[in-house]
Amino acid sequence: MPIREFYIHFEGHEIAVIAGNEDIDEAAVIFIPGVLAPVNFWLACLPESILKNRRWYSISLPGHHPSKVAADYKPEDVNEDWLNRLYQSVILQLVATRKVILVGHSTGGFSALNVAANNFDSLLGVISIAGFFKGNWGGIEGQLIKLAGLGQWAKPIFQLFLATSRSIPAVQEYISSLLTFDRKAYNTSPITKKMLHEIQDNMQGQNLANLFPLFNRIGELDIYSTLESINVPVTIMAGSHDPVIDALQSLRLAGAIKQSNLVVFDRAGHMPFMERTQQFNHELCQVIDCYIKPAIARGL
């Protein structure tokens, strides 16, 4: 499986990208990770059939190692319009006029929906996994959002928490398990161990100050009023007991988007990749096929 790692420039930022199977001539599947996950998160969490047989890219969130931030990057930069421009610009630089499918987890799901709400011409469809339209979160990540939202005075505390959590592997594993509902499935999944190992170098190399602007602003993000503008098929994937993104948000997403389909992972939380692996892999592959096959038939 040929993989390429590189950067795309956007307004002084260098956004890390991983690309796979660029020789395959079909619509590209583009993945965006969640707020604490680096660009290589997907290498452990995706089924082999996608990693080996689809043209795919993973695009980092801004400020996530090994991405590099602009010298004047600040919380005020981060809003719905800026994130939309960032991802549209990066995607166009990656694939030019090629059609794409956006798949995002959590904040990545929000980012994918945000791009769709702005009628990105290259878009065939969206898959939002534990995504949201408004950044009012619960759980441990919700507490980090609230802490960062207090302003610059809370930044050292925010960084200290993240530094502590990454310095001790057992603490890192425990905190990641707090994102789940079915902790037994999560803790015993080989995908969990592979994912935590895969992302470790990027987690240790992360400049924690670079995460603060995004965390500071997430609580103010809200695209609910724009969801009716989405004119491509959207699949909403949600755990029924997600401690971070309330399942009611997923129901409201599905109700507000015209061409929506809701997939629920029963008694699962924020990490269906590990909590409900078989169902997740089946649903993801099926939806991607449903988006790509008509495009191939139309010569797109």
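## A buried ring

F31 is buried, with a relative accessible area of 0% (buried means under 20%, exposed over 50%, partly exposed in between, with a 1.4 Å probe and protein chains only). The model is predicted, so local features need pLDDT of at least 70 and side-chain atom pairs pLDDT 80 or more, while totals for chains, interfaces and linings use all residues. Residues are numbered from 1 along each chain as its sequence is written, and side-chain values use heavy atoms, without hydrogens or water.

## F31 and W42

The structure holds 13 aromatic pairs (Phe, Tyr or Trp ring centres within 6.5 Å, taking the six-membered ring of Trp; planes under 30 degrees apart are stacked, over 60 edge-to-face, the rest tilted). F31 and W42 form a tilted pair: their ring centres are 5.1 Å apart and their planes stand at 40°.

This pair links distant parts of the chain. F31 sits in strand β3 (residues 28-32), and W42 in helix α1 (residues 42-45), eleven residues apart. Helices (H or I, at least four residues) and strands (E, at least two) are DSSP runs, numbered from the N terminus. W42 is buried too, at 2%. One aromatic cluster takes in F31, F41, W42, F265, F273 and F280.

## F133 and Y224

The rings of F133 and Y224 are also tilted, at 55°, with centres 4.8 Å apart. F133 lies in the loop between β6 (123-129) and α5 (139-149). Y224 lies in the loop between α11 (212-218) and β7 (234-239). The two are 91 residues apart. F133 is buried at 5% relative accessibility, whereas Y224 is partly exposed at 31%.

## Charges over rings

R252 lies over the face of Y224, 4.3 Å from the ring centre (NZ of Lys or CZ of Arg within 6 Å of the centre and within 35 degrees of the ring normal). R4 lies over the face of F6, at 3.8 Å from the ring centre.
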